[in-house]
Amino acid sequence: MSTAVMSVHDLTVDIETPNGRLRAVDGVGFDAVQGETLALLGESGCGKSMTAQAIVGLLDPVASVSSGSVVLNGTDLVTASRRKRRAMAGPELAIVFQDALTALNPVYTVGTQLAEPFRIHRRMSSRAARAEAVELMRRVGIPHPESRVDAYPHQFSGGMRQRLLIAMAVALNPTVLLADEPTTALDVTVQAQIMALLKELRNEREMAVVLITHDLALVAEEADKVAVMYAGHVVETGAVAEVFSDPQHPYTKGLLESVPVHVARGSDLASIGGTPPDLASIPSGCVYQARCPLARDRCVAERPVLHQVAKGRAAACHYSEEVSR
Amino acid sequence: MTAVLEAPSESRVSSQVALWRLLLRDWVATGAALVLAFVALVAAFGPMFVGDEAAQQNLLDANAEPFRLSDGWLNVLGTDALGRSVLARLIVASRTTLSVAVPAVLLSLVIGSLIGMWAGYHRGRRETVVMRIADIILSFPSLLMAVVVLYIFSPSSANLILVLAITRIPIYLRTARAESAELQSRLFVDAARTFGTRSSAIIFRHVLPIVLPTLLTVATLDFCFVMLSESSLSFLGIGIQPPSVSWGLMVAQGRTYLQTAWWLSFFPGLAIVVTTVSATILASWARLATDPAQRWRLTLPRGRRGRRAIRRAAEKALTPEVQ
Ligand SMILES: Nc1ncnc2c1ncn2[C@@H]1O[C@H](COP(=O)(O)OP(=O)(O)OP(=O)(O)O)[C@@H](O)[C@H]1O
Ligand code: SF4
Ligand SMILES: [Mg+2]
């Protein structure tokens, strides 16, 4: 049986603003399983990146984790010392960012940057680390790595840069790899190549991948499990095939209905009415009540908790059994 | 496919040799480097040859006009009120000037930059405290502070350097802090953190190389300011003590004779300006040369380094990259 290598539990992130404290991530929980891809799916602004930043410890100074835990190989990252975190950053946990150009330092050759993880964690000589860098470049599919190792980031195309970033992230064989919209900035063909590379590397190195995206098609193709987020909350989790074929939360259902492939030709494309609530005015009951077609009094009064609705599936809705009808 | 603006054929100009070659292609920067090298050589070895002549008084030949070779090449730049050779004094003064200005600039550059980068990187209370201290130093008129300090302590060379350095530290501190605060929020710094790089290593590896060109440019401009501050202090009698002489002191001493003997102030002033301008030119060249994305511009001939040349290079580079 597959085991969770990283468990996020009740993760809550608050942002200090001049107008008071905002809760950007509220009680988020999910498990990352070795060799599997978990998709964190949600609209822009729902707190996906904030969750990832909280996990890797890169939150803005204005934001902080106010409760919850992120347990990775027995260590809680939220309470771990800086020293411990530094030791785990790279060999245990790594992240691929969306914007590959700004994630690489413009004044160093890519070889120097790819060698850095080896130099820090394995205390390799610069020559040995450079050899590892060339090997990594070859592995992620960069042509002529021996001659390209001394080139600077701006001399690579966007797709190649994203490959370099992935190379840097997987350099030390992390247990968990987070990927925050790794292909959003790329065109479709390159996107497919990058996702294929990520999948190959995941299988080869038996990593748990957490894929953050707002792209339903990507989730359908790439992920094994999905956690749907809305306004800082996880509203539904489960295996992708099950969730997409039989959603148990009105928001998931709405999302799926807004995708063209699910609609017969000629019929109207449904879209979810309204917009996600502003962080400053999240209602006290269900977070989705303002846009939910099933909403009623109980939804205003009481916030639904994420509860099991079927084997391996959970949803945060009082009336989830009505959704599939 | 994604096309990328690739630098034409300049993928590996990282070695020292290539930098030299790059410098030689730019005749303005080469000239500036030669001037600086010449000044440094004169300061190092010149006083050995003309040390005595610089002190030699000859009241019969006082305030002699420049550009007359009749009384020997030493007086080609004229003589001062005591009949001493201006050229010889310039040479002797170059050593004093550089031995005060260079250490003062370097000291303030190193201290200011290190503290500034540290404060900017960590933000928060460390930043606030450091910036308030910088404000206090800056709000104190630097000349007044120098006067007070040098009046209390003896006006030795070392004290002069120290005072000049302290008054100039905030300049670097502010620049370094501002840039570092901006850089620490960049994604590549985050990326370095995600594989466990220590803060100190991030500051030296990711912040310093990017801030350094700016700091060097500030330092070369400040070089001029420090030389002039030194001259003011020397003029007030608390800087360089006669019979020692610096360029600044020569300008200051010559000021009284401006109507009758312009050359007394003009030549040391010219020396200050030429040295500073050369340093500035070299710094702005270095700024381009150390930026991998800009470096290729330097490979274009200077005259054509205008829009046309760049456009043509861009066109050449825009042929789709073979992936
Ligand atoms: N410094 C800040 N001050 C106030 N609000 C912030 C700040 N940073 C982020 N937020 C808010 O936190 C919420 C979560 O942001 P986050 O970046 O996690 O969204 P996301 O789901 O990653 O969206 P996207 O798909 O656009 O990347 C957003 O609503 C955003 O407005
Ligand atoms: S709890 Fe109520 S408002 Fe919320 S999703 Fe379910 S039905 Fe809609
Ligand atoms: Mg995001």
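Me: In which helix is the place of Ser265(B)?
Reply: Helices are DSSP runs of H or I with at least four residues, strands are runs of E with at least two, and both are numbered from the N terminus. Ser265(B) falls in a helix of chain B that covers residues 263–289. That helix is H10.

Me: What pLDDT do local features need in this model?
Reply: Residues are numbered from 1 along each chain as its sequence is written, while chains are lettered from A and ligands numbered from 1 in the order in which they are written. pLDDT is the predictor's confidence in each residue, from 0 to 100. This is a predicted model: totals for chains, interfaces and linings use all residues, side-chain atom pairs count only at pLDDT 80 or more, and local features need pLDDT of at least 70.

Me: Why does Ser265(B) count as partly exposed?
Reply: A residue is buried if 20 or more other C-beta atoms, placed from the backbone, lie within 10 Å of its own, and exposed if 12 or fewer do. Partly exposed is the class in between. Ser265(B) is in that class because its count of other C-beta atoms within 10 Å is 18.

Me: Which residues does Ser265(B) touch, not counting those up to four places away in sequence?
Reply: Two residues are in contact if their C-beta atoms, placed from the backbone, lie within 7 Å. With residues up to four places away left out, Ser265(B) touches Val251(B), Gly254(B), Arg255(B) and Leu258(B).

Me: What is the C-alpha to C-alpha distance between Ser265(B) and Leu114(B)?
Reply: In sequence these two residues are 151 residues apart. In space, C-alpha to C-alpha, Ser265(B) and Leu114(B) are separated by 37 Å.

Me: At which residue does helix H2 of chain B bend?
Reply: The bend is the angle between axes fitted to the seven residues ending at a residue and the seven starting there. H2(B) spans residues 27–55, and its buried residues are Ala29(B), Ala32(B), Gly46(B) and Ala54(B). The helix bends by about 60° at Phe49(B).

Me: How many helices does chain B have?
Reply: Buried residues make up 39% of the 323 residues in chain B. Contacts between residues 24 or more positions apart account for 70% of those with a separation of 6 or more. Strands number 0 in chain B, and helices number 11.

Me: Which helix of chain B has the lowest confidence?
Reply: The mean pLDDT of chain B is 80, and 86% of its residues reach 70 or more. Confidence is highest in H3(B), residues 86–122, at a mean of 92. It is lowest, at a mean of 49, in residues 307–317, which form H11(B).

Me: Which helix gives the largest share of the side of chain B that touches chain A?
Reply: The contact takes 27 residues from chain B and 35 from chain A. Helices H7 (187–194) and H8 (199–235) of chain B each supply at least two residues of the chain B side. The largest share, 6 residues, comes from H7(B).

Me: Which element gives the most to the shell around ligand 1?
Reply: A residue is near a molecule if its C-beta atom, placed from the backbone, lies within 6 Å of it. Ligand 1 is surrounded by 16 residues, and the closest are Ser44(A), Gly45(A), Lys48(A), Ser49(A) and Met50(A). Strands E1 (4–17) and E2 (20–33) and helix H1 (48–56) of chain A each give two or more residues. With 3 residues, the most comes from H1(A).

Me: How many nonpolar residues are in the shell around ligand 2?
Reply: Ala, Val, Leu, Ile, Met, Phe, Trp, Tyr, Cys and Pro count as nonpolar, Asp, Glu, Lys and Arg as charged, and the others, Gly among them, as polar. The residues around ligand 2 include Cys286(A), Cys292(A), Cys299(A) and Cys317(A). The shell has no charged residues and 2 polar ones, while the nonpolar residues number 10.
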